[in-house]
Amino acid sequence: MVDRDPSRPVLFVCRGSVQEGLGHVMRSRAVARELARSHAVRFVVIGDESPLNLLARYGLDFEIVPGVEDAVAEFERLRPGVVVFDLLRFPSEHVAAFGRSAHLVSLSPVFDQLAAVDTVFHRTCVTPPEWEGIPSVRAGLQYAVLGEHVERIESGAFRKGLERRERAVAIAMGGADAANKTQAVLDLLKPSEHPLLLWVMLGEGYKHSYEELARSVRGSRHEIILAKTNDSMWRILQTCSLAILAGGITTYEAAYAGLPSINVLADPAHRFLLRELEDHGVCTSVAGDPAELGQRLAERAEALVTGTNALLKMHLASENLIDGLGAQRIALAVERECLAQERPA
């Protein structure tokens, strides 16, 4: 039986880098800050220095390490009571070793070791069939963890945005965008007759040509603004009427904020992550490469950027759907269920 000594620290292990993006870091940071109010927390990021600014000013005890073995060494040094994973992959032998002395938690729904952890916190009630063997799944929109800077877009402000001649559309393909989906989306939007103000959100790892992005809408009726942001991204998205996203945490943030979205999913198998939001009518999605989906994606985007009523309906449908308290709920559950002292029989 795992020793649930509440004096033992909680170890967060996540990934964050130019190539992999910073979504895992930002989600884990929100939960770690809540737990740190009452417990010792150690935050380990496997990656490069790109998450430094996201962590340095938040008072967390953190370290950025280059590889898995460094995270393992930190586990062996600390002997934590709980390990919270937020990444896509981790060697199975190390997960098994961690599990012999710690309660294992995953915040990532696509972690390759989900079957080996004790508890999964999942941001939607929709789960795939292969999850049946996981000991404990806490699922639902109440566990959606949002960035700390996301605010609800007031309906009056959203309506005013729909009245503007140039409709503001955000494009955020996340992370490094190695496949340059950003470029593909811009190429698809160029023929639109409805004038657009295109806010293009670029991650730290974006290595493609900025000049090509700007050139892609020349000769059209659109304006384009290229922005590299992290925590300040929602200052921009607050002014938009539609977002074209790559799925993931940002889609849930958009649903909370009341920003309609079209989501381009690289893997059709991940569609279950958005199905509940689609059922509520706050977003829509297409799966596959944007270049291959060209006509479908272009038609869906055109229908929404020209459809004031459709966008307003999506905005209104999001009200009260997500309350933004996911980080607090997860922290409380970890505290009560994973760190509570075992009671004598």
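Which residue forms a salt bridge with Glu193? I looked this up in the model, which is predicted. The partner is Arg221, and the closest N and O atoms of the pair are 4.0 Å apart. I noted that the pair links distant parts of the chain, 28 residues apart. Glu193 sits in the loop between helix 6 (181–189) and strand 9 (196–202), and Arg221 in the loop between helix 7 (210–215) and strand 10 (223–228). Glu193 counts as exposed because its relative accessibility is 55%, whereas Arg221, at 43%, is partly exposed.

I then turned to other salt bridges. A search of the whole structure finds 16 of them. One joins the side chains of Arg218 and Glu211, at 2.8 Å from N to O. I also found one network, in which salt bridges with shared partners join Arg42, Asp61, Glu63, Glu74 and Arg77.

Is Arg15 buried or exposed? I found a relative accessible area of 14%, so Arg15 is buried. Arg15 forms a salt bridge with Glu20, which is partly exposed at 33%.

Next I examined the surface charge. Glu69, Asp70, Glu76 and Glu93 gather there in a patch of negative charge. Helix 3 (residues 68–78) supplies the largest share of this patch, three residues. I checked Asp70, which lies in helix 3 and is partly exposed, with a relative accessible area of 33%.

Lastly I looked up Ser50, in the loop between strand 2 (41–47) and helix 2 (52–56). The Ser50 side chain makes a polar contact with the side chain of Asp48 at 2.5 Å, and reaches the backbone nitrogen of Val18 at 3.4 Å.

How values were computed
Residues numbered from 1 in each chain as written. Predicted model: local features only at pLDDT ≥ 70, side-chain atom pairs only at ≥ 80, totals over all residues. Heavy atoms only, no water. Patch = residues over 30% accessible without salt bridge, like charges linked within 9 Å, V, L, I, M, F, W, Y side chains within 5 Å. Areas by Shrake-Rupley, 256 points an atom, 1.4 Å probe, with all protein chains shown as cover. Lys, Arg positive; Asp, Glu negative; His and termini not counted. Charge placed at Lys NZ, Arg CZ, Asp CG, Glu CD. Helix = DSSP H or I, 4+ residues; strand = E, 2+ residues; numbered from the N terminus. Buried < 20%, exposed > 50% of the residue type's maximum accessible area, 1.4 Å probe, protein only. Polar contact = N/O pair within 3.5 Å; in protein donor to acceptor, adjacent residues only side chain to side chain.
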